[in-house]
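Look at how the parts of this chain are held against one another.

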Amino acid sequence: MPGTRPVFYISDGTGITAETIGHSLLTQFTNTRFESTRISYVDSVERAEMAAARIRAAALTHGVRPIVINSCMDTNVSAALAESGALMLDVFEPFIGPLERELGETREHRIGQAHAIVDFDQYHRRINAMNFALTHDDGMSVDYDGADVILVAVSRAGKTPTCVYLALQYGVRAANYPLTEEDLEQDRLPARLRPFRSKLFGLSIDPMRLQQIRQERRPNSRYAQLETCRREVAAAEKMFRAERIPTLSTTNASIEEIASKVMTTLGISRVMF
């Protein structure tokens, strides 16, 4: 797609750190559209060379220089990635020098060092929260007694990625409920949500942006028509106002901003992992 800048999050581990930091940086640039790819477990020169080939292919496809946000510890791996010609951003490099000088020691270039400082109680809470989010995605399960928050919105307004982010970063047990046409016709909360009013948070979105997202998912369908999007968003916002449900528009908000607003509004306190 012309005008789209390819971004690669590359790591010798899962890549969550690189992606989280990189996404926070890129959301500051609102006039550029990014196409993101995460490549995990790049822990050898051979795998780095394979990743570099993908990066070069993306440069040819898009006609622009890709951006690589890299959290690999092995300098040989990083050097192989740099052969791609991409803009290389090492997420650790700005901090290593000052820390080495302050602590009087040189870092050890070993993969997986972060696991040595993991609090396993917090780790298991995060995994359990992730399982909860997946089980309670898009109303698949409506057993909300154990939920910290329930995100309510029309389809494709950003519920699922926000729930996943809350689980992975904070260990928050987040469920989401998609408002159906039947729900929107009633002008009041669906019956299954009423007992959990204190856990509800509404997400809205600009109808034109929603139409673009839905068009990519189901091209030229009634679901993706602008009029459908306008009608659903208006009905959802009317319901949120009538029921006094706190609401945020996701149109120009990053996942980090949405998650922070949800937690602050509902008084959810978690330590970031």
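Arg38 counts as partly exposed, at 40% relative accessibility. The classes are buried (under 20% relative accessible area), exposed (over 50%) and partly exposed in between, with a 1.4 Å probe and protein chains only. This is a predicted model: local features need pLDDT of at least 70, side-chain atom pairs count only at pLDDT 80 or more, and totals for chains, interfaces and linings use all residues. Residues are numbered from 1 along each chain as its sequence is written, and side-chain values use heavy atoms, with hydrogens and water left out.

What does Arg38 pair with? Glu19 forms a salt bridge with Arg38, and the closest N and O atoms are 2.6 Å apart. A salt bridge here is a side-chain nitrogen of Lys or Arg within 4 Å of a carboxyl oxygen of Asp or Glu. Glu19 is partly exposed, with a relative accessible area of 24%. Glu19 lies in helix H1 and Arg38 in strand S2 (residues 33-39), so the pair ties together parts that are 19 residues apart in sequence. Helices (H or I, at least four residues) and strands (E, at least two) are DSSP runs, numbered from the N terminus.

Strand S2 also holds Arg33. The side chain of Arg33 meets that of Glu216 in a salt bridge, at 3.0 Å from N to O. This pair links distant parts of the chain: Glu216 sits in helix H8 (residues 207-217), and the two residues are 183 residues apart. Arg33 is partly exposed, with a relative accessible area of 39%. Glu216 counts as exposed, at 55%.

Now step back to the domains. The assignment gives domain 1 (5-103) and domain 2 (120-266); such bounds come from an automatic or database domain assignment. Their centres, taken over C-alpha atoms, are separated by 31 Å. In contact are 6 residues of domain 1 and 6 residues of domain 2, where contact means heavy atoms within 4.5 Å.

How much area is buried between domain 1 and domain 2? It is about 440 Å², and carbon and sulfur atoms give 45% of it. Buried area is the accessible area (1.4 Å probe) that two parts lose on being put together, summed over both. The count between the two domains is 1 salt bridge. Helix H1 (residues 16-26) gives the largest share of the side of domain 1 that touches domain 2, with 4 residues. By class, that side has 1 nonpolar, 4 polar and 1 charged residues. Ala, Val, Leu, Ile, Met, Phe, Trp, Tyr, Cys and Pro count as nonpolar, Asp, Glu, Lys and Arg as charged, and the others, Gly among them, as polar.

The whole structure has 6 salt bridges. One of them joins Arg222 and Glu181, at 2.9 Å from N to O. Arg222 lies in the loop between H8 and helix H9 (226-243) and Glu181 in helix H7 (residues 181-185), so the pair ties together parts that are 41 residues apart in sequence. Arg222 is partly exposed at 48% relative accessibility. Glu181 is partly exposed too, at 37%.

End at Thr4, in strand S1 (residues 4-10). Is Thr4 buried or exposed? At 4% relative accessibility, Thr4 counts as buried. Beyond its neighbours within four places in sequence, Thr4 is in contact with Arg33, Phe34, Glu35, His62 and Val64. The C-alpha atoms of Thr4 and Ser260, 256 residues apart along the chain, are separated by 28 Å.
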